[in-house]
Amino acid sequence: MEVTILLELQQVFARFAEPFLDSRPVHREGIKASQAIVNCRTAALGGHVDQCDSCDDVKISYNSCRNRNCPKCGNVKKEQWILDRTAELLPVPYFHTVFTVPHELNGLFLANPKIMYTLLFKAASQTLTQLALDSKFLGAQIGITMVLHTWGQNLSFHPHVHCIVPGGGLSPSGCTFVRSKKTFFIPVRVLSKVFRGKFLYHLKQAFGQKKITFTGVASPEETQVAFQSLIDFLYAKDWVVYCKKPFKTPYHVVQYLSRYTHKTAIYNNRLITMDHESVTFRYRDYKDEGQSKTMKLDAMEFIRRFMLHVLPSGFQRIRYYGFLSNGNRKTKLRKCLRLNRVPIKPKVKLTASELVLKVKGVDLSVCPSCGGHWNTVLTLYPNSG
């Protein structure tokens with residue numbers, strides 16, 4: 001009888017990543033993510049030795065990889081993000097909208113990730129901002145926080161963006177704040193049609209500028225015919241846009257969205273077991289009323305699916321638009337806060353120890369044995385072996 005073990009993603013990659021990388025081509029960011037996950041918080045990345053100033057206890061702490069695809073990293077950044085966004089909340093309803101694309105586009109996304117993800121952001125943001133400015137719906141400039149996700153619960157490829165939109169915005173004159181109704185101010189059917197039109201318009205432009213690699217065809221003529229056939233099919237298809245109920249309070253917005261902002265494709269708490277050739281994990285089947293189920297995948301297939309969600313280097317998966325954009329935060333966002341009589345709070349930067357305390361609930365600067373304080377006595381350099 002074969003023994004299976006409880007595991008972390010690091011163990012899966014430590015066992016299977018090398019044969020996976022040896023057996024097929026993998027993009028540079030995938031290789032970097034694989035190495036980072038395997039080496040995170042091990043001697044390979046170095047660290048430091050601390051000694052208590054009271055009882056002389058010693059502890060060794062190894063460095064984190066800080067790769068955004070590692071499930072062990074990201075919590076500290078998430079807490080700072082929550083703090084920053086909480087200071088920007090307005091006393092209005094907040095709405096959650098999700099823009100998805102038809103699965104027929106998956107091949108283009110996988111072959112052209114940077115340009116296609118950029119088009120997704122552009123089309124979704126333009127759809128919301130343009131329609132919100134229309135006096136039929138709101139007649140104001142809104143703010144949008146947008147987060148890219150590429151995965152489904154079973155690690156399948158499913159590119160979509162989550163958008164959080166405050167229920168109101170600045171009037172065209174910039175002198176008043178226009179509040180929306182309690183229900184979302186733009187009908188989902190309108191959002192879907194405009195989003196489809198904008199995305200396909202930008203896609204045709206990118207193709208015409210030869211920015212798109214269209215795989216599976218041999219000649220330029222065949223490529224043109226295949227692309228036009230795809231465009232015609234996509235124009236005839238209904239695109240899916242979800243709009244969920246408003247959040248209970250503005251604070252719930254930040255807490256909810258933080259689940260998405262610094263998330264990786266799968267966390268350790270969903271992994272169950274692995275053996276010499278497979279990995280088993282939990283997932284929610286939303287086609288079956290969100291039932292919790294288990295899935296067993298060949299280890300090579302598990303890593304292949306995980307690699308689908310490693311983004312291009314430097315690609316920003318959290319973006320802000322309208323009065324929440326970086327260029328408008330100090331002007332238009334502040335005006336929104338003043339018009340809603342919300343005190344403008346100075347930005348607070350938590351120290352590393354304060355962030356760890358907030359995440360783990362433990363003050364790691366204090367010795368658990370005697371209450372003394374840790375002092376670094378030795379630096380451990382990365383293990384090149």
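## Sheet, helices and a few residues

Student: Which strand order does the open sheet of five strands have?
Tutor: This is a predicted model, where local features need pLDDT of at least 70, side-chain atom pairs count only at pLDDT 80 or more, and totals for chains, interfaces and linings use all residues. Residues are numbered from 1 along each chain as its sequence is written, and side-chain values use heavy atoms, with hydrogens and water left out. Strands here are DSSP runs of E with at least two residues, helices are runs of H or I with at least four, both numbered from the N terminus, and two strands pair if DSSP finds at least two bridges between them. The pairing in this sheet is antiparallel, and the order is S8-S3-S5-S4-S12.

Student: Okay, and which strands sit at the edges?
Tutor: Look for strands that pair on one side only. Those are strand S8 (241–244) and strand S12 (318–322).

Student: By how many degrees are neighbouring strands of this sheet turned against each other on average?
Tutor: Axes are lines fitted to C-alpha atoms, for helices over the stretch in contact, and angles run from 0 to 180 degrees between N-to-C directions. For this average, though, direction is ignored. Neighbouring strands come out turned by 20 degrees.

Student: What is the bridge partner of Thr145 in S12?
Tutor: Strand S4 (residues 143–151) runs antiparallel to S12, and five bridges join them. In S12, the partner of Thr145 is Tyr320.

Student: Within what arc do the buried residues of H10 fall?
Tutor: Helix H10 (residues 329–339) has Arg329, Leu333, Cys336 and Leu337 as its buried residues. They pack against helix H3 (75–86), strand S6 (168–170), strand S7 (177–179) and S12. The arc is taken over directions from the helix axis to the C-beta atoms. Seen down the axis of H10, the buried residues line one face of the helix, so they fall within an arc of 100 degrees.

Student: How are H5 and H6 oriented to each other?
Tutor: H5 and helix H6 (residues 188–208) pack at about 140 degrees, with their axes 9 Å apart. Among the contact residues are Leu119 and Ala123 of H5 and Val194 and Phe195 of H6. Angles under 35 degrees count as roughly parallel, over 145 as roughly antiparallel, 65 to 115 as roughly perpendicular and the rest as oblique. H5 and H6 are therefore oblique.

Student: And how does H1 lie against H9?
Tutor: Helix H1 (residues 9–23) and helix H9 (residues 299–307) have axes 10 Å apart and pack at about 95 degrees. That makes H1, relative to H9, roughly perpendicular. Residues that meet there include Phe13 and Phe16 in H1 and Phe302 and Ile303 in H9. So the orientation of H1 to H9 is roughly perpendicular.

Student: Last one: what is the relative accessible area of Thr379?
Tutor: Thr379 has its place in strand S13 (residues 374–380). Leaving aside neighbours within four places in sequence, Thr379 is in contact with Gly47 and His48. Thr379 is partly exposed, and its relative accessible area is 46%.

How values were computed
Buried < 20%, exposed > 50% of the residue type's maximum accessible area, 1.4 Å probe, protein only. Contact = heavy atoms within 4.5 Å.
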